[in-house]
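These are my notebook entries on a structure that I consulted for the first time. I record what I looked up, entry by entry.

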Amino acid sequence: MGGRELYRLDPSQEQAASHGRGAALVLAGPGSGKTRTLIERTVRLLQQEDPGRVTLVTFSVKAAGEMSARLAERLERLPQVKTLHALALALLMQSPNPPRVIDEEVEEGYRAEWVARHGSEAGFEAWLEAEGLVGLSTLVPRALSALRDPELLRWGQERCTWLLVDEFQDTDAAQLALLQALCPPGGNFYAVGDANQQIYGWRGALPEVMERFVAAYRPVVYHLSRSYRSPESILRVARGVIPSPIAGAPGGLPPVYQELDNPWAEAAWVAQTIRREGFSPKEVAILVRSRQQIGPIEEALLKAGLP
């Protein structure tokens, strides 16, 4: 375990990873090394802090697993690495009457029976709670309610003395309230995100979550200033849609804009361009907006003798 070995970070990543006490907001565009920075921040923190006082939160089970694996390569003792739902569940399991979690299919079945019997959803959540059940969709609000218990609140806050949150831009109102209860203003809340990458607005993610965080916590703000995923030639075009201070990686082909009359003309142009430039199949990726565009492109590639 090489816990004291440091990742090589660029200057903006190094600044963010070296943050001291208090709140921080790391603004990280796509490909800017936010996960590397977050991992390095956590490793450095755990060289001085008890892992039981450090919690790292992300938005998917897959991301939590990947972060745990990367931390395990460098640390002997790991912090809590959880999704928000897993964090909420851990809190509920510490409550005096821990509920039984039911999956979405079972929850929806109960909900349908309740509506059929009572004519509306009013009272359904109260019934679930009385039955000692909790659905995945209400884990976070239920945990927030459970934190009214001072003992449970102390337990949660102790484990979130240092709270690091990835993909912060996708936080909804209930999730933000839970995180703020566990690490109130004045605490060591380290948020990483990019408002331009918010993808969960459809499920309640707050467009203004960054502004709310800044207003409540007055964090030190860090900008990861370079993208290692996209070349500057691509980012120059992207800035025409979404202004961004992030710089691109060197190299890369200049983007080409071509307007064509119909899907078949577009497909033929794609095939001709690949042949003309001499690209091998493994050098080419073709992205489409809808499944309907795939057929004409496949046909044009076959006609051109391209696998």
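Entry 1, surface patch. For this entry I needed a definition: patches are made of residues with over 30% relative accessible area and no salt bridge, and nonpolar side chains are joined within 5 Å. I note that the model is a predicted one. I looked up the nonpolar patch that Ile-286, Val-288 and Ile-294 form on the surface. Together, these three residues have about 190 Å² of accessible area.

I then turned to Val-288, one of the patch residues. I located Val-288 in the loop between helix H12 (263-277) and helix H13 (294-303).

How many aromatic pairs does a search of the whole structure find? I recorded nine aromatic pairs. One that I examined is Tyr-110 with Trp-127: the ring centres are 5.5 Å apart and the planes stand at 75 degrees, so I classed the pair as edge-to-face. This pair links distant parts of the chain, since Tyr-110 belongs to helix H5 (residues 104-118) and Trp-127 to helix H6 (residues 124-130), 17 residues apart.

I also checked accessibility for both partners. Tyr-110 has a value of 27% and therefore counts as partly exposed. Trp-127, at 28%, is likewise partly exposed.

Next I examined Trp-114 with Trp-127. Their ring centres lie 6.0 Å apart with the planes at 35 degrees, so I wrote the pair down as tilted.

Is Trp-114 buried or exposed? I found a relative accessibility of 16%, and Trp-114 therefore counts as buried; the cut-off for buried is under 20%. To close the entry, I noted that Tyr-110, Trp-114, Phe-124 and Trp-127 form one aromatic cluster.

With a relative accessible area of 3%, Asp-170 is buried. I also recorded a polar contact of 3.5 Å between the side chain of Asp-170 and the side chain of Gln-169.

Terms used: Residues are numbered from 1 along each chain as its sequence is written. This is a predicted model: local features need pLDDT of at least 70, side-chain atom pairs count only at pLDDT 80 or more; totals for chains, interfaces and linings use all residues. Side-chain values use heavy atoms; hydrogens and water are left out. Patches are made of residues with over 30% relative accessible area and no salt bridge: like charges are joined within 9 Å, nonpolar side chains (Val, Leu, Ile, Met, Phe, Trp, Tyr) within 5 Å. Accessible areas come from the Shrake-Rupley method with a 1.4 Å probe; for residues, only the protein chains shown count as cover. A salt bridge is a side-chain nitrogen of Lys or Arg within 4 Å of a carboxyl oxygen of Asp or Glu. Helices (H or I, at least four residues) and strands (E, at least two) are DSSP runs, numbered from the N terminus. Rings of Phe, Tyr and Trp (its six-membered ring) pair if their centres lie within 6.5 Å; planes under 30 degrees apart count as stacked, over 60 as edge-to-face and the rest as tilted. Buried means under 20% relative accessible area, exposed over 50%, partly exposed in between (1.4 Å probe, protein chains only). A polar contact is a pair of N or O atoms within 3.5 Å; within protein, one must be able to donate a hydrogen and the other to accept it, and residues adjacent in sequence count only if both atoms are side-chain atoms.
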